[in-house]
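Hi,

Here's the structure I promised to pass on. Have a look, and my notes follow below.

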Amino acid sequence: MPELPDVVVYLEALDRFVVGRELRKIRVVGISLLKSFDPPIGGVEGRTVVGTQRLGKRLVLELDGPDELYMVIHLMVAGRLRWRDQTGAKPPGKIGLAAFDFDHGTLVLTEASKRKRASLWLVQGADALAEQHDRGGVEPLEVDGTGFREALTSRNRTLKRALCDPTAFSGIGNAYSDEILFHAGLSPVQRTGNLNKEEIARLHLATRTTLVDWTDRHRLTVGDGFPDKVTAFHDDMAVHGKYNQPCPVCGVPVQRIVYADNEVNYCPQCQTDGRVLADRSLSRLLKDDWPRSIEDLED
């Protein structure tokens with residue numbers, strides 16, 4: 001699922017490619033994509049995109065006009081945006097969900113998954129936008145130490161769950177929470193209520209540096225173009241997607257916890273004092289505090 005660094009770079013590309021341009025036509029071909037009916041999606045045609053913003057992992061395109069229309073796109077796990085220089089470009093085969101036609105090209109929305117989870121809404125008014133799509137989590141790159149601590153410790157739960165909770169932190173998901181916890185040297189199953197001040201400060205710093213670092217990496221890769229290789233797995237990541245590969249710091253094989261259809265990766269030497277966290281022994285401990293599905297990471 002694209003998270004804060006990916007969404008930021010997507011929005012920066014949209015600023016370059018479509019802000020200030022007229023959206024001439026929208027073609028929705030995926031029947032599961034459109035989640036709103038009032039106002040009708042055709043109301044965006046002939047409007048100019050005047051700005052973008054991020055709400056958690058959602059991308060928002062603001063359209064001109066007195067009625068304050070916003071298109072909200074949630075890519076979920078396998079949804080991706082692609083730019084085609086051809087006006088009227090056809091959405092590709094089975095994975096094409098929608099196409100947004102501009103005078104100089106087409107923005108195509110795809111989803112390479114049998115389970116169609118990507119979503120598109122048209123929302124009228126800033127108040128409705130906030131009410132329907134702002135989950136309330138603090139911005140991890142803007143919040144100060146006090147605000148970070150309050151968001152983290154508002155409930156006593158596992159660190160993995162706290163970081164991925166959109167009502168606590170905006171834009172962090174499965175991939176970058178793994179990396180954040182690794183760089184903070186903290187166990188994913190450590191309870192937020194058991195952290196001392198130094199550990200919270202260390203986690204705050206790791207959150208900021210990890211997200212900034214990966215945003216900068218993605219910017220460098222994309223340059224002035226449009227992101228075309230958005231993925232949750234990167235060769236330079238320390239632990240996420242690195243099960244059984246050596247930790248880049250200590251060389252110990254990275255371990256994982258698999259719970260339902262979700263997975264967390266960690267280094268037992270750097271994060272859990274040499275202990276390997278067995279899935280079965282955690283099931284009773286975790287109960288409802290562990291994400292059971294991809295949707296749980298968002299909802």
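Is Cys267 buried or exposed? Cys267 is buried, at a relative accessible area of 0% (buried is under 20%, exposed over 50%, partly exposed in between, with a 1.4 Å probe and protein chains only). Cys267 sits in the loop between strand 10 (262-266) and helix 7 (268-271); helices (H or I, at least four residues) and strands (E, at least two) are DSSP runs numbered from the N terminus. Beyond its neighbours within four places in sequence, Cys267 is in contact (heavy atoms within 4.5 Å) with Phe182, Val239, Cys247, Cys250 and Thr272.

Before going on: this is a predicted model, where local features need pLDDT of at least 70 and side-chain atom pairs 80 or more, while totals for chains, interfaces and linings use all residues. Residues are numbered from 1 along each chain as its sequence is written, and side-chain values use heavy atoms, leaving out hydrogens and water.

Now helix 6. Its buried residues include Leu203, Trp214 and His218, and among the elements covering the buried residues of helix 6 are helix 1, helix 3 (145-152), helix 4 (159-164) and helix 5 (174-184). Just after helix 6, Gly223 has a positive phi of about 60°.

Helix 6 also gives the largest share of the lining of the largest pocket, 6 residues. A pocket here is an open set of 1 Å grid points where a 1.4 Å probe fits, with protein on both sides within 12 Å along at least five of seven lines; lining residues have an atom within 4 Å of a point. That lining has 19 residues, with Arg217, His218, Thr221, Lys229 and His234 nearest the centre.

Cheers
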